[in-house]
Amino acid sequence: MTEMILMTHVLFGVACIVTTVWVLVDTLNADEMNLPRIRWMSRAAALFMWLSLLFGGYWYVIYYPADKAIILKGPWPFAHEYFMETKEHLVIMLLLLATYLPIVASNNLAANKEARRLVLWVAAIIPLLGLMIEGHGAIIAMGVKVALLAKHI
Amino acid sequence: MENDTVSKYSVSFGLSLALSSVANALLVIAKEKSPAVQAGMQKLTGHHWITHVAIILVLFAAFGWLFANAKGGQGLTMPVNRLIKTIVAGVLTAGFVIVGFYLIAD
């Protein structure tokens, strides 16, 4: 069950990245036809990010202390000391960016070049930061794995 | 027909995003360097990270609302180019402060 919570967190994180890339590509070709889709996808990206944070936050507060203890006793303590500590705070900025995306996407992107530029910048930062955070998550999971492997060898 | 202005909420919440990101980084340093701050944050919600997220979200909403209602309800205005630079600078500064802090200072 705890693994499902964790995987749901990752799933929504990836969904946020994918939808934001969709918004980015659609905005590059913005016109009256795809404007509603851009707006809906930007709202979806924000929703996915909020769901990812809620699932991840719940898991972090309730279940992570056990993993943290394992990581700190293992050969990769930096998986917590650097990667988790950084991840849990960078993700707050990702939440703000994803929440901001539908606000900027509500402008008339078909007729407003400057609004398109703003959306493109925000929609470019989200996947970059998101992928970085996904990588952090992978290293944290590996921190647990190498600690458990070291215990059994 | 092309226009080049964005909604007042795009400007106000964009500025709020930059400001809240920097506040996020400063709060990281404050709670990691001061056990009293961390204990206070822990006490408020039961976990320092929940309090941290709540503070930043409240700041984001409050700054955004404040900037949107500035100048008699017209909201703050700024060229989009400068708004983009402010957002990127805020996010990058906060990111480097957080990464640098855990990499070097902590």
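Leaving aside residues up to four places away in sequence, Leu101(A) touches Thr20(A), Val23(A), Ser42(A), Ala45(A), Ala46(A), Val122(A), Ala123(A) and Ile126(A) (contact: C-beta atoms, placed from the backbone, within 7 Å). This is a predicted model, in which local features need pLDDT of at least 70 and side-chain atom pairs count only at pLDDT 80 or more, while totals for chains, interfaces and linings use all residues. Residues are numbered from 1 along each chain as its sequence is written, with chains lettered from A and ligands numbered from 1 in the order in which they are written.

**Nonpolar cores**
- The largest nonpolar core has 59 residues, and Leu101(A) is among those with the most contacts inside it, together with Leu94(A), Leu97(A), Ala98(A) and Val122(A).
- A core here joins buried Ala, Val, Leu, Ile, Met, Phe, Trp, Tyr and Cys residues through C-beta atoms within 7 Å (buried: 20 or more other C-beta atoms within 10 Å of its own).
- α4(A) gives the most to this core, with 14 residues (helices: DSSP runs of H or I, at least four residues, numbered from the N terminus).

**Helix crossing in chain A**
- The axes (lines fitted to C-alpha atoms over the stretch in contact, with angles from 0 to 180 degrees between N-to-C directions) of α3(A) and α5(A) come within 8 Å and cross at roughly 60 degrees.
- Asp67(A), Ile70(A), Ile71(A) and Lys73(A) of α3(A) meet Gly143(A), Val144(A), Ala147(A) and Leu148(A) of α5(A).

**Where the chains meet**
- Chain B brings 33 residues to the contact and chain A 26 residues.
- On the chain B side, α4(B) gives the most, with twelve residues.

Methods: Contact = placed C-beta atoms within 7 Å. Helix = DSSP H or I, 4+ residues; strand = E, 2+ residues; numbered from the N terminus. Buried ≥ 20, exposed ≤ 12 C-beta atoms within 10 Å, placed from the backbone.
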